[in-house]
Amino acid sequence: MDITLNESWLNGKYACGEINTSLGTVEIFDDEGGFFAQGCHAWEIITEIHQIWINGDLTTEKAFLQWISTNM
């Protein structure tokens, strides 16, 4: 069985934020008011997180955290 690990596997709520691939949104929780993206900008972020996830030996949450630490 061939399983495609597409961006929908990132969908969910995490301690650091939320990725909603159905709505095309990314939200990051932090003490400074957080961050929210939707539409094309969110899909760019989701695609970047997806690449981190599939290229590394990471959980989806760790890939999200790595993106945050690199880009925020």
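**Aromatic pairs, core and surface**

Mentor: Across the whole structure, a search finds 2 aromatic pairs, where rings of Phe, Tyr and Trp (its six-membered ring) pair if their centres lie within 6.5 Å, with planes under 30 degrees apart counting as stacked, over 60 as edge-to-face and the rest as tilted. Keep in mind that this is a predicted model, in which local features need pLDDT of at least 70 and side-chain atom pairs count only at pLDDT 80 or more, while totals for chains, interfaces and linings use all residues. Residues are numbered from 1 along each chain as its sequence is written, and side-chain values use heavy atoms, with hydrogens and water left out.

Trainee: How far apart are the ring centres of Tyr14 and Phe64, and at what angle are the planes?
Mentor: The centres of the Tyr14 and Phe64 rings are 5.5 Å apart and the planes stand at 75°, so this pair is edge-to-face. It links distant parts of the chain, since Tyr14 is in strand β1 (residues 12–14) and Phe64 is in helix α2, 50 residues apart; helices (H or I, at least four residues) and strands (E, at least two) are DSSP runs, numbered from the N terminus.

Trainee: And are those two buried or exposed?
Mentor: Tyr14 counts as buried at 12% relative accessibility, and Phe64 counts as buried at 0%. Here buried means under 20% relative accessible area, exposed means over 50%, and partly exposed is in between (1.4 Å probe, protein chains only).

Trainee: Switching to the core, how many residues does the largest nonpolar one have?
Mentor: The largest nonpolar core has 17 residues, and those with the most contacts inside it are Leu10, Ile19, Val26, Ile49, Phe64 and Trp67. Such a core is a set of buried Ala, Val, Leu, Ile, Met, Phe, Trp, Tyr and Cys residues joined through side-chain atoms within 4.5 Å.

Trainee: Which elements give two or more residues to it?
Mentor: Those elements are β3 (25–28), α1 and α2 (60–71), and α1 gives the most, with 6 residues.

Trainee: What does Ile19 touch?
Mentor: Not counting residues up to four places away in sequence, Ile19 touches Leu10, Asn11, Gly12, Tyr14, Thr25, Ile46, Ile49 and Phe64, where contact means heavy atoms within 4.5 Å.

Trainee: OK, helix α1 then; what about Ile45?
Mentor: Ile45 lies in helix α1 and counts as buried at 3% relative accessibility. Beyond four places in sequence, Ile45 touches Val26, Phe35, Ala37 and Trp67; Ile45 and Trp67 are 22 residues apart in sequence and 8.3 Å apart in space, C-alpha to C-alpha.

Trainee: Is His50 buried or exposed?
Mentor: His50, which is also found in helix α1, counts as buried at 6% relative accessibility. Leaving out residues up to four places away in sequence, His50 touches Leu5, Asn6, Glu7 and Leu10.

Trainee: And where is Trp43?
Mentor: Trp43 is found in helix α1, but it is partly exposed, with a relative accessible area of 35%. Apart from its neighbours within four places in sequence, Trp43 is in contact with Glu7, Thr21 and Gly24.

Trainee: Thr21 came up there; where is it placed?
Mentor: Thr21 is in the loop between β2 (17–20) and β3, and at 14% relative accessibility Thr21 counts as buried. With its neighbours within four places in sequence set aside, the contacts of Thr21 are Glu7, Ser8, Asn11, Trp43 and Ile46.

Trainee: Last topic, the surface: which residues form the nonpolar patch?
Mentor: Leu5, Trp9 and Ile54 form it, with about 280 Å² of accessible area together. Patches are made of residues with over 30% relative accessible area and no salt bridge, with like charges joined within 9 Å and nonpolar side chains (Val, Leu, Ile, Met, Phe, Trp, Tyr) within 5 Å. A salt bridge is a side-chain nitrogen of Lys or Arg within 4 Å of a carboxyl oxygen of Asp or Glu, and accessible areas come from the Shrake-Rupley method with a 1.4 Å probe.

Trainee: Where does Ile54 lie?
Mentor: Ile54 lies in helix α1 (residues 39–55) and is partly exposed, with a relative accessible area of 38%.
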